Amino acid sequence: MPPTYFPLRWESTGDQWWYASPIDWAAANGHYELVRELLHLDTNLLIKLTSLRRIRRLEIVWDDEAQFNDVGKCRSLVAQKLLLDCETDRGHNSLIRAGYGGWLLYTAASAGDVGFVRELLERDPILVFGEGEYGVSDILYAAARSKNSEVFRVLLDFAVSRKGFCVGGGEIERRKEENFSVFRWEMMNRAVHAAARGGNVEILREILGDSADVLVYRDAQGSTVLHTASGRGQVEVRLIFYEIHFHQF
């Protein structure tokens, strides 16, 4: 059941207040008909509904609270229905063709909906690398925070596959084996940081195993996985690194 109460505003900086819009509330409660009606009244609301920046703020206020544990699932349900409504007679999907595939996959991953994730990847495997403001790191993070390890594994398998590596066409396809190794390492590096940020201990243990040097996993700013976990307050993740450290010594 969706929650009966949502905080609709909160202070962001200074005297400014950031408001959740009606379409945010409708999607978080799983009210698809209301979402659809709002989009008919103003199609620009789709930009608000799919904005990564807005979703991140809503996740902090709504999704991360225990009493609102169905928010991600409600958003995913709305996204699925919207996807179906956008099917065309020619077999195409206008929502995906308009560039909203990244939002759809992020929403499915955030809800831990492995069926929806597989459906989207079967339509277009390249969606795992994101689209628009959504990147592969964002989608892996969404999967990690959902705590559904199967969703994370499915996404990671698609991300490190040779099919994904050959997305650029013939030129990339002809690259040497070592280039694929570099590509795969980058995907695994992003996966480790995403799992640390999202607090998915199970996935981190699988990827790291008895890794001799976890410090080799660094993000674009040079931060280690421990920095990433600490920044998000993931205590359990930090304990893993202490275990690895003491196991080595």
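1. Cys-86 counts as buried, at 17% relative accessibility. Cys-74 is also buried, at 10%. Buried is under 20% relative accessible area, exposed over 50% and partly exposed in between, with a 1.4 Å probe and protein chains only. The structure holds zero disulfides, a disulfide being a pair of cysteine sulfur atoms within 2.5 Å.

2. A word on the basis. This is a predicted model, in which local features need pLDDT of at least 70 and side-chain atom pairs count only at pLDDT 80 or more, while totals for chains, interfaces and linings use all residues. Residues are numbered from 1 along each chain as its sequence is written, and side-chain values use heavy atoms, without hydrogens and water.

3. Helix α5 covers residues 71–85. Its 15 residues reach 21 Å from the first C-alpha to the last, close to the expected 21 Å. That expectation is 1.5 Å times one less than the number of residues. Helices (H or I, at least four residues) and strands (E, at least two) are DSSP runs, numbered from the N terminus. The buried residues of α5 include Val-71, Cys-74, Arg-75, Val-78 and Leu-82.

4. How many aromatic pairs are there? The count comes to two. Rings of Phe, Tyr and Trp (its six-membered ring) pair if their centres lie within 6.5 Å; planes under 30 degrees apart are stacked, over 60 edge-to-face, the rest tilted. Tyr-106 and Tyr-134 form a tilted pair, 5.3 Å centre to centre with 55 degrees between the planes. Tyr-106 lies in helix α6 (residues 94–111) and Tyr-134 in strand β4 (residues 134–135), so the pair ties together parts 28 residues apart in sequence. Both tyrosines, Tyr-106 and Tyr-134, are buried.

5. Phe-129 and Phe-183 form a tilted aromatic pair, at 6.1 Å and 55 degrees. Phe-129 sits in the loop between α7 (114–123) and β3 (130–131), Phe-183 in helix α12 (residues 177–198); they are 54 residues apart. Phe-183 is buried, with a relative accessible area of 16%.
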